[in-house]
Every structure is written in C-alpha cells, then in structure tokens.
Amino acid sequence: MAVSENIRILLSQLPPSVRLIAVSKTMPVYDILEAYNAGQRIFGENRVQEILNKKDQLPSDIEWHLIGHLQTNKVRSVIPYVRMIHSVDTEKLIRLIDSESARIMRKTDCLLQIHIASEETKSGFLFNDLSELLSSSDILKLKNVNILGVMGMATFTSDQDQIREEFRRLAEYFRTLKSKYFNAHPYFSEISMGMSGDYKIAIEEGSTLIRIGSLIFGERN
Ligand SMILES: *Cc1c(COP(=O)(O)O)cnc(C)c1O
C-alpha cells in the first residue's frame, strides 16, 4: 500500500495526545517526500549520517528526530539539524549535547532512554543509575539541554503481556522521575514508546510519541 495511505490510516487511529514519528531509516528521499506530502512532518532516523545526507534534499520544515545510539564524536555534526534526541543514555552524552548546543546558542530537546527490555543488547540507562545521577549531579541545571521525558524499547517478543508490562514500567519510571526531579518542569511530558509491532499497546500504556517505520514504508532490507 502507498506510503501516504499508510500515514492517513495511522493518523486516523491516534488519540490527540500521541504524535507520530515516521521512522525513515534506510528509506529513499522520494518515500519521505510522499509522507511529507501526506502531512507528516516528524521523521526519525537512527544514524547521524542519514540525517545529514537527507536534510538538504527535503523541505526545511521537517523535524528530524534522532532515535538511535549517538556516538559522542557525532554530536557536534548533528546538533544543528536535530529537533529531538530520543536516545540519550549516558551522563557524558548529556553534558556533550549541552556544551555543543551552547556553542551554537541552541537548546536541544532530549529524552532519557531507559532500559526496559529483557535483552542485554537494548541500550539505555538502568533506572536506578539514572535516578542516582539526577539526584547527585548538576544535570538538571544544564542550560542547553531540555529533558522532555523518557524513551524505551520493549523486548523483541510475541508475548504481548511482557511488552505491556515493560511499557507500563517505563510509564511508571516517567511518573517517578517527574515527581522526584521534574516537578517544577511542566515540559517534562513525553514518553517515547511503541513501534510498528507494538504501538497499540504502547498507546494504551501512555505513550505520547510512537516511532513507526515498517508499517508506513514497508519492510526494510
Ligand atoms: C527502526 C526503529 C523503529 C521503527 O521500527 P519499526 O518496527 O519499523 O516500526 C523505532 N525505534 C527505533 C529506536 C528504531 O531503531
């Protein structure tokens, strides 16, 4: 089915509290343009280089969201072009995003990626480490990172109950962080969870940002 039709179907299912991120990694510019022409403005990529390659060939009002692991040596090159970084998972990265954003007089919107899956491979903070970091450091005082919420990826499994349990845990982490550390920050409001296979569960568990690739653009090679 056509990309534009897929976008329309998805958008018609979303409650107003949920925004759609069209995950366009590996997809050619003409597919992205078709989604754009159907009204989609937020696109997610998991490699810095793909954002840098695609941005100049596409309309400038696209919001690029980085959803994949960010290496520290790529921070400087992507900061000018990225609207939100979902995959912030180390203290070092937070500090670097802050300093590189300050260097070009910007503030960068970020989400803290938290490990919720049972697989070892999915990156992210362990919740206790993150909580410790927020209570014992000056991270919350950094001027050029806006920490807007959390992001997580469920285990790759067909067990719907397990996926639901993991998303529910992420939403609990979000609420705990909000009440402990972000009480004075009304903009701490985002939970990025849900992909093509599990977005319905994610929405039921409180997602505000779903990251959908293959359901829009088809399977990747
Ligand atoms: C690829 C990717 C997605 C989208 O995956 P689909 O299953 O194709 O919807 C979402 N989030 C992250 C972090 C990804 O890398």
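The model is predicted, with local features requiring pLDDT of at least 70 and side-chain atom pairs pLDDT 80 or more, while totals for chains, interfaces and linings use all residues. Residues are numbered from 1 along each chain as its sequence is written, and side-chain values use heavy atoms, without hydrogens and water.

Helix H6 spans residues 127-136 and helix H7 residues 160-181; helices are DSSP runs (H or I, at least four residues) and strands likewise (E, at least two), numbered from the N terminus. The axes of H6 and H7 come within 11 Å and cross at roughly 15 degrees, where axes are lines fitted to C-alpha atoms over the stretch in contact and angles run from 0 to 180 degrees between N-to-C directions. H6 and H7 are therefore roughly parallel to each other (angles under 35 degrees). In H6, Phe127, Leu130, Ser131, Leu134 and Ser135 meet Tyr173, Thr176, Leu177, Lys180 and Tyr181 of H7, contact being heavy atoms within 4.5 Å.

Not counting residues up to four places away in sequence, isoleucine 7 touches Leu20, Ala35, Ala38, Gln40 and Ile216.

Serine 207 lies in the loop between helix H8 (199-204) and strand S8 (209-212). Leaving aside neighbours within four places in sequence, serine 207 is in contact with Val18, Ile191, Met193 and Ala202.

Conventions:
Parallel < 35°, antiparallel > 145°, perpendicular 65-115°, else oblique.
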